[in-house]
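Colleague: Hi, could you walk me through this model? I'd like to start with the way the chain is divided up.

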Amino acid sequence: MVAKKITSLQHPLVLECVRLREDHHYREKKGLVLVVGQRMVQEVAIDTLITTEECPEFDAKNSYFVSEAVLKKITGLSHPDGYAALLPLPLPQDVSQKQFLVVLDQIQDPGNLGTLLRTVLALNWDGVIVTPGTVDLFNDKALRAAKGAHFFLPYARMTRDEVAQMNLHFYMADLEGEDLDEIVFQKPRAVILSHEARGADLWSDLMAQKVTIPMNPDTESLNVAISGAIILYHMRPL
């Protein structure tokens, strides 16, 4: 397929892509998300392909050939790898019948959020619940860190009160919790990974078992992406 050519930084598609990347309200209104990178483009079904390759190999309803300067503006990156795409924004799903869930509570660093999504998918958890105060799932940094996990992982947006009503055994990551190696985990279950600074104190009224990673006492606490990966591996569905 021969791609249509775009050279202007002010082309309507370029401005549309920038707005979709920067404005989560606009993403939801349009029902579209911008993804960046050849690997991402290869793994998902895309509507609109934007590339510096004049004759791209990937199938899309619409393909556009752009200069490197245009792609830099679209992606917000200094060194894009030559590919970006638009595709439908995944919608929240009903996860009430899922057996193994991860609650992402007020995770504010998009890199940590994306890394956790990638880990959740890799370890075969059923999906994630995102609480108010968590950075937008489809933030461009979160998308890059997740490496496409967003598009294969069911998610729901719920309040803490709604989560508490679910018929699950809850476990919270907490420095004062019980050693992971000493717990027999129940099914169905959910792991709560909370805000890097405030932690599980926000869930103090929920009947949940606190768990912690046995560590060298002279080391500082791990960030939520690293500690979450260790906990999710220990508690993974088997």
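Modeller: Happy to. Domain bounds here come from an automatic or database domain assignment. For the protein chain that gives domain 1 (2-86) and domain 2 (98-233). Their centres, taken over C-alpha atoms, are separated by 31 Å.

Colleague: Before we go on, what kind of model is this, and how are residues numbered?

Modeller: This is a predicted model, where local features need pLDDT of at least 70, side-chain atom pairs count only at pLDDT 80 or more, and totals for chains, interfaces and linings use all residues. Residues are numbered from 1 along each chain as its sequence is written, and side-chain values use heavy atoms, with hydrogens and water left out.

Colleague: What does the pLDDT average for the protein chain?

Modeller: The average is 91, and 95% of the residues score at least 70. pLDDT is the predictor's confidence in each residue, from 0 to 100. Among the elements, α3 has the lowest mean, 85, and strand β8 (residues 155-157) the highest, 98. Helices (H or I, at least four residues) and strands (E, at least two) are DSSP runs, numbered from the N terminus.

Colleague: Back to the domains. How many residues are in contact?

Modeller: 13 residues of domain 1 are in contact with 12 of domain 2, contact being heavy atoms within 4.5 Å.

Colleague: And how much area do they bury?

Modeller: About 980 Å² between them, with 62% of it on carbon and sulfur atoms. Buried area is the accessible area (1.4 Å probe) that two parts lose on being put together, summed over both.

Colleague: How many salt bridges cross that interface?

Modeller: The rule finds 2, a salt bridge being a side-chain nitrogen of Lys or Arg within 4 Å of a carboxyl oxygen of Asp or Glu. Asp-136 also pairs this way with Arg-27, with the closest N and O atoms 2.4 Å apart. On the side of domain 1 that touches domain 2, α2 (24-30), β2 (32-36) and α3 (38-43) each supply at least two residues.

Colleague: Which residue does Lys-30 bridge to?

Modeller: Glu-16, where the closest N and O atoms are 4.0 Å apart. Lys-30 lies in helix α2 and Glu-16 in helix α1 (residues 12-22), so the pair ties together parts 14 residues apart in sequence.

Colleague: New topic: where is the cis peptide bond?

Modeller: It joins Lys-187 and Pro-188, with omega about -15°. Pro-188 is in the loop between β9 (169-179) and β10 (189-194).
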